[in-house]
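Please look through the sequence and the model below before reading on.

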Amino acid sequence: MAVRSRRRSAARRRREARLKVMVGGGGLLVVLLAVFWPTVWLYVVCFVVVAGTGALGWWLWRTDRLVRSRDLNWRQQEAVKAGHRTLAEVDVMTGTEFEDLVADLCRRDGCTEVRRVGGSHDNGADVLGRLPDGRAMVVQCKRYAPSAVIASREVRDLLGAKVHFEGDVAIFVATTRFSRPSEEFAVKHGILAIHRDHFGLWNNGASLESLVHVNGAGQGDKRHRSKWRKTYGR
């Protein structure tokens with residue numbers, strides 16, 4: 001206890017000594033300024049102006065960095081939020097909400113001029129825009145129950161929409177699987193058919209471009225389809 005008390009006393013004495021030095025130095029500076037003010041006032045004013053300008057510039061720079069950082073974090077959080085919804089959350093969306101989600105995913109992957117056009121008179125397209133390479137895309141979105149199946153006629157309708165909107169690429173996005181004939185029709189006519197499993201990958205961060213290379217795959221063999229029917233009832 002005595003040793004600890006002596007240490008506290010020594011630390012207090014050091015603080016008091018530093019305070020005295022600072023007060024003495026400050027007083028001496030004030031005296032010198034008072035004595036030599038007619039000679040040094042211009043230098044003092046210039047120093048204050050330069051120091052103030054520097055402090056203001058630093059504050060503006062720091063504020064700008066802080067605002068940019070917050071904006072970047074917000075954008076990243078929104079991108080993560082848009083790209084990490086569970087399929088269960090997607091399954092309870094309305095058709096319009098699903099179309100908006102698909103449009104957001106397209107924007108996330110660098111597509112431009114993206115707009116939702118779905119409605120009662122959509123002419124077979126729900127989302128229009130341009131791929132990052134500039135090609136015009138026509139997107140059909142079907143937020144069906146997982147137990148449903150995309151029929152060939154629906155894929156054929158998208159091919160007609162591609163012609164109507166003078167698109168370069170047609171994309172069919174579904175929350176279920178494609179029938180074998182509809183999948184074959186899509187691959188034959190260059191339509192990107194994004195079924196439930198591939199949509200899950202896209203929704204969780206895979207790029208739209210990466211899905212082009214696995215078009216017509218991923219729906220599994222008979223064993224996979226058997227498990228699908230047990231899970232979703234069809």
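**A buried aspartate and the nonpolar cores**

In this predicted model, the D126 side chain comes within 2.7 Å of the backbone nitrogen of C141. D126 sits in the loop that joins β1 (112-116) to β2 (127-130). The residue is buried but forms no salt bridge. K142 is the nearest side chain of opposite charge, at 5.6 Å, and a salt bridge would require a side-chain nitrogen within 4 Å of a carboxyl oxygen.

The largest nonpolar core comprises 24 residues. Those with the most contacts inside this core are V102, I171, V173, I194, F199 and W202. Two or more residues each come from α3 (95-108), β3 (136-142), β5 (169-174), β7 (191-194), α6 (196-203) and α7 (208-212). Of these, α3 gives the most, with 6 residues.

The helix α3 has 14 residues and spans 20 Å from its first C-alpha to its last, close to the expected 20 Å. Its buried residues are F98, E99, L101, V102, A103, L105 and C106. Residues three or four places apart in an α-helix point the same way, because there are 3.6 residues a turn. After α3 comes G110, with a positive phi near 90 degrees.

What is I171 in contact with, leaving aside its neighbours within four places in sequence? The partners are M137, V138, V139, Q140, L158, L192, I194 and L208.

Notes
Residues are numbered from 1 along each chain as its sequence is written. This is a predicted model: local features need pLDDT of at least 70, side-chain atom pairs count only at pLDDT 80 or more; totals for chains, interfaces and linings use all residues. Side-chain values use heavy atoms; hydrogens and water are left out. A nonpolar core is a set of buried Ala, Val, Leu, Ile, Met, Phe, Trp, Tyr and Cys residues joined through side-chain atoms within 4.5 Å. Buried means under 20% relative accessible area, exposed over 50%, partly exposed in between (1.4 Å probe, protein chains only). Helices (H or I, at least four residues) and strands (E, at least two) are DSSP runs, numbered from the N terminus. Contact means heavy atoms within 4.5 Å. Lys and Arg count as positive and Asp and Glu as negative; His and the chain ends are not counted. A polar contact is a pair of N or O atoms within 3.5 Å; within protein, one must be able to donate a hydrogen and the other to accept it, and residues adjacent in sequence count only if both atoms are side-chain atoms. The expected span of a helix is 1.5 Å times one less than its number of residues.
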